[in-house]
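I opened a new page for this model today.

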Amino acid sequence: MNILTYKGYSARIDFDAEDEIFFGSIAGVPDVIGFHADSVVGLKHAFHEAVDDYVETCRKLGRAPHKPYSGKMMFRVDPEIHARAAKAAELAGKSLNQWAEEVLDKASVA
């Protein structure tokens with residue numbers, strides 16, 4: 001999987017063999033923001049332009065652009081998983097948040 005990142009926004013990149021173009025869309029934003037180009041250099045430029053246009057459009061509309069993520073995660077797990085995670089964190093000499101951040105970072109794609 002190929003990913004571009006700019007100003008805190010990320011996009012997954014794909015290739016359309018029929019049209020011979022690279023294309024992508026910005027992840028983590030509820031608005032659909034896509035871009036494409038026929039070269040890597042052009043794709044990077046189109047991505048940067050898409051992010052800049054999105055931020056500028058939001059400014060003109062008087063609304064804050066969606067930030068990719070806040071850093072807060074709230075989810076529920078089975079109590080046994082919670083207990084095993086808490087024990088693993090304690091044995092590693094870390095808080096559960098520190099331990100979970102490291103585990104999630106190792107599992108993340110980008």
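**Sheet, helix, pocket**

I began with the pairing of strand 3 and strand 4, which is antiparallel and runs over four bridges. I note here that the model is a predicted one.

I checked I13 and found G24 as its bridge partner in strand 3. R12 has S25 as its bridge partner in strand 3.

I then followed the chain between strand 2 and strand 3. Their hairpin has four residues between the strands, and E20 takes a positive phi near 55°.

Strand 1 came next. Strand 1 and strand 2 run antiparallel and are joined by five bridges. I looked for the residue opposite L4 and found A11, in strand 2. These two strands form a hairpin as well, with two residues between them. In that turn, K7 has a positive phi of about 50°.

How many strands does the open sheet have, and in what order? I found four, in the order 1-2-3-4, with antiparallel pairing. Strand 1 (2–6) and strand 4 (34–37) are the edge strands, each pairing on one side only. On average, neighbouring strands are turned by 30° against each other, direction ignored.

I moved on to helix 2, residues 79–91. I read 13 residues and a reach of 18 Å from the first C-alpha to the last, close to the 18 Å expected at 1.5 Å a residue. At its start, a side-chain oxygen of D78 comes to within 2.8 Å of the backbone nitrogen of E80. Just after the helix, I noted G93 with a positive phi of about 75°.

The largest pocket holds about 760 Å³ of space. I counted 22 lining residues, and those nearest the centre are M73, F75, N97, A100 and L104. Which elements give two or more residues to this lining? I found helix 2 and helix 3 (96–107). Helix 3 supplies the largest share, eight residues. I also sorted the lining by type: 12 nonpolar, five polar and five charged.

To close the page, I tie two entries together. Helix 2, with D78 and E80 in contact at its start, is one of the elements that line the largest pocket.

Key:
Residues numbered from 1 in each chain as written. Predicted model: local features only at pLDDT ≥ 70, side-chain atom pairs only at ≥ 80, totals over all residues. Heavy atoms only, no water. Expected span 1.5 Å × (residues − 1). Polar contact = N/O pair within 3.5 Å; in protein donor to acceptor, adjacent residues only side chain to side chain. Pairing = 2+ DSSP bridges. Axes fitted to C-alpha atoms, helices over the stretch in contact; angles between N-to-C directions. 1 Å grid on protein atoms, 1.4 Å probe; cavity = no way out; pocket = protein on both sides within 12 Å on 5 of 7 lines; lining within 4 Å. Points joined across faces, edges and corners; volume = space filled by probe spheres on them. Nonpolar A, V, L, I, M, F, W, Y, C, P; charged D, E, K, R; others polar.
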